Amino acid sequence: MESKNCYVCEKQNLSKNEVGLNKKFIGRNVTRFYCLPCLAEYLDTTVEDLLAKVEDFKLQGCALFD
Ligand SMILES: [Zn+2]
């Protein structure tokens, strides 16, 4: 899988969960990826809330997360 960098802070090699959150919240055809803190800022939420969402999605069996 090609590595993704954060569009805002240019953090390298975003994790699978970070990429998965971008796809869930921005859309599957997302071209600009955000790291966790930048995505939280963009969505006007918190990193803790996003991590809780990851757990929810995993419980639902979503393959975008590990
Ligand atoms: Zn970032």
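Trainee: What geometry does the site of the zinc ion have?
Mentor: The site of the zinc ion is tetrahedral, with angles of 102 to 115° among its four donor atoms; four donors count as tetrahedral if all angles lie between 85 and 135 degrees. The ideal angle for four tetrahedral donors is 109.5 degrees. Keep in mind that this is a predicted model, in which local features need pLDDT of at least 70, side-chain atom pairs count only at pLDDT 80 or more, and totals for chains, interfaces and linings use all residues. Residues are numbered from 1 along each chain as its sequence is written, and side-chain values use heavy atoms, with hydrogens and water left out.

Trainee: Which residues are the protein donors of the zinc ion?
Mentor: The SG atoms of Cys6, Cys9, Cys35 and Cys38, lying 2.2 to 2.3 Å from the zinc ion, where a donor is an N, O or S atom within 2.8 Å of the metal (3.2 Å for Na, K and Ca), and sites may look incomplete because water is not among the atoms. Their spacing in sequence is C-x2-C-x25-C-x2-C. Cys6 lies in the segment before helix 1 (16-25) and Cys35 in the loop between helix 1 and helix 2 (36-42), so this pair ties together parts that are 29 residues apart in sequence; helices here are DSSP runs of H or I with at least four residues, numbered from the N terminus.

Trainee: And Cys6, buried or exposed?
Mentor: Cys6 counts as buried at 3% relative accessibility, and Cys35 is buried with a relative accessible area of 3%. Buried means under 20% relative accessible area, exposed over 50%, and partly exposed in between, using a 1.4 Å probe and protein chains only.

Trainee: Where does Asn22 lie?
Mentor: Asn22 also lies in helix 1, and with a relative accessible area of 0% it is buried. Leaving aside neighbours within four places in sequence, the residues in contact with Asn22 include Phe33, Tyr34 and Leu39.

Trainee: How many helices does the protein have overall?
Mentor: The protein has three helices and zero strands, a strand being a DSSP run of E with at least two residues. Buried residues make up 36% of its 66 residues.

Technical notes: Four donors count as tetrahedral if all angles lie between 85 and 135 degrees; four count as square planar and six as octahedral if opposite donors are over 155 degrees apart and all others between 65 and 115; anything else is irregular. Contact means heavy atoms within 4.5 Å.
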